[in-house]
Amino acid sequence: MACSSSSLSLRCVRSLSLILCVVGSLRSEFPSTEKVNCEAFNLHLIDCDCHKSTTTRGGIRVFCKNNRNVTSIPAHVDGLAALKITGASIRLIDEAIQYPGLTGLYLNEDQIRFIDDFSFASLGQLVDLSLANNELSGISGNTFAGLASLQLLVLTGNRLHVIRADSFSGSNLPSLQILKLDRCSLYDIEPDSFPALSHLTILDIAYNRLQQLPPVVGGKYGLSNLTHLNLSDNRLSDVDGSFFAKVPSLTHLYLDRNNLQHVPIGSLKESLVFVSLRKNRIESLRQSGLDASLPRLKSLDLSFNSLTKLNFGELPSGDLEKILIHDNPWDCDECGNEWMFDESVVFRWNSEANVSCATPSELSGLNVYRNRNKVFANCAAAKSAIAVPLLIGMAVLVTLLTLCTVVVFKLRVRRRRQTLVNKEELDSLASSKEKLSESTLFAAPRYHTEREDEQSFL
């Protein structure tokens with residue numbers, strides 16, 4: 001498929017391979033050049049086109065295709081800036097490539113089986129290196145030694161099988177930004193692979209045979225700047241949460257066509273923008289690990305899974321704009337699913353897709369969007385049947401609360417009145433005691449005086 005920037009759309013963005021295809025095609029073209037005679041540059045190869053740059057940087061760009069007679073990389077091309085050879089029979093690179101000004105090297109479909117250590121050590125200005133669709137079976141720690149300026153490395157379609165811990169290291173590739181390892185028959189990635197690749201932003205490991213991921217990648221500091229990770233079309237059934245802890249800046253995660261039921265992305269809740277889990281075995285969003293707070297998440301693809309219902313409260317909280325839910329076995333007897341098919345974000349993105357009922361049997365295969373009223377006809381009646389008793393119950397409850405309030409109020413009034421009466425009685429009793437005390441106090445001296453008079457008379 002031809003790639004162009006005009007072909008990008010929201011549907012196309014789903015595929016990281018397409019994005020990288022666009023990047024690769026733009027880098028491999030020869031813009032601002034004019035075609036010249038190859039013989040003028042001591043190049044005598046059949047089916048080769050030579051282009052001279054018209055920019056101030058200058059340089060010669062050579063493109064040779066579909067020539068199995070080419071068995072080695074041509075030498076002695078003065079001013080060579082980019083070399084692209086496809087469909088040749090190079091098979092072996094056992095000598096150092098001596099083009100210090102080379103910025104782009106594309107050796108695709110050339111039957112290359114072995115690359116000697118330090119073969120690229122003199123290419124200090126090389127920015128793009130593509131070795132796609134060859135027959136490489138292994139990468140040693142020094143295969144890419146000396147590529148200090150390399151930003152794009154494409155190894156798509158080789159037979160690497162295993163990624164060793166020292167195959168791609170920051171000491172050899174300190175500027176690497178994009179690494180493509182898709183379709184490499186990988187079944188294992190050793191722990192601490194990709195050490196010190198601090199500038200790596202895109203890693204594509206799709207279309208392999210991985211059943212598990214290493215708990216640690218990127219060495220001591222992880223892949224701190226990785227933003228795009230494609231693990232689609234593998235055999236993953238489980239992912240260690242510590243793996244995602246080593247990629248804290250990840251924004252786009254592709255896990256399509258695996259065997260996943262759970263994705264522990266809690267450590268990525270502050271960074272994820274796009275998650276695609278198309279064609280997995282997810283049965284419940286809550287159990288999948290995707291119901292956490294994901295404030296930046298804008299797109300979530302859950303199509304072709306095993307979801308039967310989806311509660312609104314289970315959706316990741318945040319700025320979700322798009323969610324694909326088609327081709328799941330939806331339970332249309334579950335009125336809780338009705339919200340998904342309203343005039344909402346979900347409706348806009350799935351209205352033309354296959355959102356059909358799986359159960360109950362009388363609705364099986366029925367398209368939900370085209371038969372919404374029929375599918376959820378019982379929900380309105382059910383809501384009415386529930387609403388009437390609910391209203392009656394609420395009215396009874398309000399009445400009981402009112403009566404209780406009145407009774408409590410009357411009891412409080414009665415208690416207050418009784419308190420006041422008791423207080424008045426106590427005050428009256430206290431007053432009587434005070435009067436009695438005063439009467440006794442003044443009467444005693446008079447009685448004493450009379451007795452004294454009587455005694456003195458006698």
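Charges and rings in a predicted model

Q: What makes D94, E95, D116 and D117 a negative surface patch?
A: D94, E95, D116 and D117 form a negative surface patch, because Asp and Glu count as negative and a patch joins like charges within 9 Å among residues with over 30% relative accessible area and no salt bridge (a side-chain nitrogen of Lys or Arg within 4 Å of a carboxyl oxygen of Asp or Glu). This is a predicted model, in which local features need pLDDT of at least 70 and side-chain atom pairs count only at pLDDT 80 or more. Residues are numbered from 1 along each chain, and side-chain values use heavy atoms, without hydrogens and water.

Q: Why is E95 called exposed?
A: E95 has 61% relative accessibility, so E95 counts as exposed, a word that requires over 50%, whereas buried means under 20% and partly exposed lies in between (1.4 Å probe, protein chains only). E95 is found in the loop between β5 (92–93) and β6 (104–108).

Q: Why is the aromatic pair of F243 and F244 called edge-to-face?
A: Rings pair if their centres lie within 6.5 Å, and planes under 30 degrees apart count as stacked, over 60 as edge-to-face and the rest as tilted. F243 and F244 are 5.5 Å apart centre to centre, with 80° between the planes, and the pair is therefore edge-to-face. F243 and F244 are both buried.

Q: What makes the pair of Y254 and F274 tilted?
A: The planes of Y254 and F274 are 40° apart and the centres 5.2 Å, so the pair is tilted. Y254 lies in strand β15 and F274 in strand β16, so the pair ties together parts that are 20 residues apart in sequence.

Methods. Patch = residues over 30% accessible without salt bridge, like charges linked within 9 Å, V, L, I, M, F, W, Y side chains within 5 Å. Areas by Shrake-Rupley, 256 points an atom, 1.4 Å probe, with all protein chains shown as cover. Charge placed at Lys NZ, Arg CZ, Asp CG, Glu CD. Helix = DSSP H or I, 4+ residues; strand = E, 2+ residues; numbered from the N terminus. Phe/Tyr/Trp six-rings, centres within 6.5 Å; stacked < 30°, edge-to-face > 60°.
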